[in-house]
Amino acid sequence: MAVELKAPALREYPVVPALQSDAMKDVVSYVANEKIQEAIGFPGKLDEGWQERAISKMGDLLGKYRSLRVFMDACVHCGACTDKCHYFIGTQDPKNMPVARQDLMRSVYRRYFTTAGKLFPRLVGARDLTRGVLDDWFRYYHQCSECRRCSVFCPYGIDTAEITMAGREILDAVGYGQKYSNEIIGKVHRIGNNLGLPGPALRDTLLGLEEDVKDETGVDVRYPLDEKGADVLLVTPSADFFAEPHVDSLIGYGKVFHAAGISWTLSSYSSEAGNFGMFIGNYEQLRKIAMRIREAALELGVKRIVVGECGHAWRVAYSFWNTLVGIGAGGKDPFAIELQRQLDPRHKQPTHICELTWDLIERGALRFDKDANDHRTITFHDSCNVARGSRMGDAPGGQFEIPRNIIRAVANKFVEMSPEVTRERTFCCGGGGGLLTDELLDLRIKGALPRMESLKQVVDNHGVNFMATICAICKAQFTKVLPYYGFKMSMVGGVHQLVSTAIRLGDSH
Amino acid sequence: MNAASYAFAMLFYLAVLVMAAGLATRILTYWRTPAPLKIPTTPAPVTSAGVGFRMAREILLFESLFKSNLWIWGLGWVFHVALALVLARHLRYFTEPIWPWVTLLQPFGIYAGFAMVAGVLGLWARRIFVERIRYISTISDHLMLVLLVGIASSGLGMRFIAHTDVIGVKLFFLGLMRADLHPLPGDGLLYVHLALVAGLMIIFPFSKLLHAPGIFFSPTRNQADDPRERRHIAPWAEQLELRR
Ligand code: SF4
Ligand code: SF4
């Protein structure tokens with residue numbers, strides 16, 4: 001395929017783009033093969049009778065998820081969400097407008113599950129579930145990063161991410177899954193992380209890191225693996241082990257633990273914070289993957305579970321772990337009590353690495369040479385799942401303040417991007433939700449447009465040369481797409497990369 | 001008593017029945033369907049009192065819509081507030097003696113009718129002229145607006161152009177409520193008005209008007225942000241735990 005991918009032009013005044021029907025019709029994610037599907041318990045391929053199975057799966061989900069049930073009915077087609085999705089803004093394909101994406105399913109829902117749609121399909125926009133409709137589901141439910149931006153702006157809080165998840169769940173149930181996500185889920189079960197990095201390789205990598213940090217700082221900072229009796233189990237996205245710039249944040253976490261004198265460990269069994277079960281909307285996968293963390297915590301006997309810089313992982317950890325596997329407080333069932341007995345109730349379980357670091361900073365337990373970051377003028381990109389699907393600290397909005405507080409504590413030059421596109425209004429990087437795969441690169445480049453526009457403003461006006469973020473997917477996505485917009489890929493990095501640059505490791509000589 | 005009076009009496013009994021039964025079934029379904037995961041759109045309130053406050057802001061002020069689009073917000077809000085006033089004003093046809101606060105609202109209620117029409121027409125114009133909204137509109141979206149404009153303008157017509165016998169109308173409805181039928185004044189405009197209202201009531205539980213009960217059940221708005229402090233689990237999900 002020799003199509004040259006180009007970034008859309010940055011718009012000086014972001015106006016709502018005109019519609020271009022079917023603009024993204026040909027950008028389709030790869031379909032999972034039988035082996036990938038069956039490895040995680042889904043039918044191998046689309047077989048006879050898929051239509052009935054899809055409808056019955058939909059009925060099943062309508063009974064299990066209030067979100068889906070209510071969202072299918074409640075939309076009034078007011079249009080308030082139509083211009084809120086980065087994929088619509090970047091691609092102009094009308095089916096990437098949140099409500100239109102929902103309508104791909106709503107039209108089918110109306111046909112099979114509502115009186116009006118059964119009697120007067122044309123009147124209410126109801127359609128049979130044909131192969132064409134199913135293909136559109138596959139296409140456009142893999143052009144949504146489940147970022148929840150639309151849900152902020154909908155008068156009924158309709159979250160298209162919930163619909164996308166249901167859509168993918170139905171597709172999986174009829175043997176029409178996405179290669180990228182399902183292959184990765186298979187790897188977690190087989191090897192323990194999304195990248196398929198086996199234990200020995202992980203150990204080597206960590207030893208290498210220890211040497212690098214020693215060379216650089218003269219201090220023996222440890223990156224322990226599988227150490228029973230450590231206080232903290234750190235679960236981090238596996239990209240942190242080897243990808244650039246991710247690894248610099250991992251180095252940073254280690255330095256924080258070192259400087260604060262906290263004993264910690266990684267786990268080879270559970271060497272992945274990411275949980276693609278959420279992307280495919282499958283509760284059982286979500287739970288199975290989270291269960292690995294619970295098992296590792298019990299096995300290693302830790303008192304605290306800390307999660308590294310990863311957006312959707314933090315949403316799963318913060319919002320879902322307690323539900324899924326009882327990591328958290330307040331459970332009165334034997335399942336949850338077992339874990340609570342072991343974990344230290346004085347800490348929030350789980351804790352985000354930024355919560356841990358900020359808490360140490362507030363208590364004066366860490367010291368920094370802020371000047372060490374003076375070559376950087378920093379801005380902060382709020383990652384969608386952290387911003388709109390989780391929290392840090394005690395007060396709502398802590399997920400915005402805490403990372404910024406850390407940046408201000410470790411660096412002198414910090415600039416905000418426009419309030420229209422940060423905090424709860426942040427735009428997705430363009431690669432989240434199971435779309436970080438090469439065949440979708442065109443979509444990813446276009447989806448990054450709104451973020452690139454706001455970045456350009458602070459680059460031009462304030463000389464920003466570093467965009468910090470706390471998500472492995474954001475980091476990977478930006479590293480890839482920044483160059484298409486004329487920026488250097490090294491502009492993006494983690495918050496703990498900044499911490500790493502400035503932190504004083506007490507015993508250094 | 002003429003045939004039309006009987007027909008309208010039956011129509012309204014039917015409409016009330018369909019609307020009440022339909023809504024009750026729908027609400028019961030929403031109520032019974034569990035929300036297995038904590039999915040409030042954050043930042044979200046951390047207490048249930050906070051959630052109540054958030055919901056109140058959504059329902060009374062359309063907070064999210066305000067963040068989203070000032071046109072839709074303005075038109076939509078004016079329409080809904082006007083509708084509420086108009087409905088309140090109409091209580092005078094169902095109560096004897098009329099409640100004092102309804103009497104107090106009377107003058108506002110009348111002019112609210114105009115605001116209602118203005119709001120609906122504005123929204124309709126957007127539906128027709130804004131490309132994105134035109135793209136997502138179905139025939140039923142337009143018909144709903146036809147219905148609303150029809151109801152409001154026939155009502156205004158009776159107030160300002162061809163007065164109807166309001167005393168007669170009131171007697172008819174009070175009679176309906178006591179199963180003691182009285183004749184309905186024979187007035188074309190009134191027939192149109194009442195037929196459209198009954199129509200709206202009948203389609204309520206089968207249409208997008210379900211947004212009204214729906215918002216109360218929207219998990220992204222009605223959940224407190226406290227997943228680390230309280231374990232939240234759906235019955236069907238609990239079953240999974242028994243398996244291992
Ligand atoms: S969740 Fe995000 S990507 Fe999906 S439709 Fe909404 S705004 Fe677009
Ligand atoms: S904002 Fe909500 S109600 Fe309005 S069109 Fe979008 S999803 Fe539907």
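## Conventions and confidence

This is a predicted model, in which local features need pLDDT of at least 70 and side-chain atom pairs count only at pLDDT 80 or more, whereas totals for chains, interfaces and linings use all residues. Residues are numbered from 1 along each chain as its sequence is written, chains are lettered from A and ligands numbered from 1 in the order in which they are written, and side-chain values use heavy atoms, with hydrogens and water left out.

The model has an ipTM of 0.96 and a pTM of 0.96.

## Chain B

Chain B contains 12 helices and 0 strands; helices (H or I, at least four residues) and strands (E, at least two) are DSSP runs, numbered from the N terminus. Along the principal axes, its C-alpha atoms fill a box of roughly 70 × 40 × 40 Å.

Of the 244 residues in chain B, 50% are buried, where buried means under 20% relative accessible area, exposed over 50%, and partly exposed in between (1.4 Å probe, protein chains only). B:Ser154, in helix 7 (residues 139-160) of chain B, counts as buried because its relative accessibility is 5%. Between B:Ser154 and B:Leu17 there are 137 residues in sequence and 24 Å in space, C-alpha to C-alpha.

## Nonpolar surface patch

B:Ile59, B:Leu60, B:Leu61 and B:Phe216 form a nonpolar patch on the surface, with about 380 Å² of accessible area together. Patches are made of residues with over 30% relative accessible area and no salt bridge; like charges are joined within 9 Å, and nonpolar side chains (Val, Leu, Ile, Met, Phe, Trp, Tyr) within 5 Å. A salt bridge is a side-chain nitrogen of Lys or Arg within 4 Å of a carboxyl oxygen of Asp or Glu. Accessible areas come from the Shrake-Rupley method with a 1.4 Å probe; for residues, only the protein chains shown count as cover.

Helix 2 (residues 48-61) of chain B gives the most to this patch, with 3 residues. B:Leu61 is found in helix 2 and counts as partly exposed because its relative accessibility is 47%.

## Ligand shells

Around ligand 1 there are 14 residues (a heavy atom within 4 Å), and A:Cys85, A:Cys144, A:Ser145, A:Cys147 and A:Cys150 come nearest. Helix 4 (86-91), helix 5 (98-113), helix 8 (149-153) and helix 9 (160-173) of chain A each give two or more residues to this shell. The shell around ligand 1 has 7 nonpolar, 3 polar and 4 charged residues; Ala, Val, Leu, Ile, Met, Phe, Trp, Tyr, Cys and Pro count as nonpolar, Asp, Glu, Lys and Arg as charged, and the others, Gly among them, as polar.

Ligand 2 is surrounded by 13 residues, of which A:Cys75, A:Cys78, A:Gly79, A:Cys81 and A:Cys154 are the closest. The shell around ligand 2 has 10 nonpolar, 3 polar and no charged residues.
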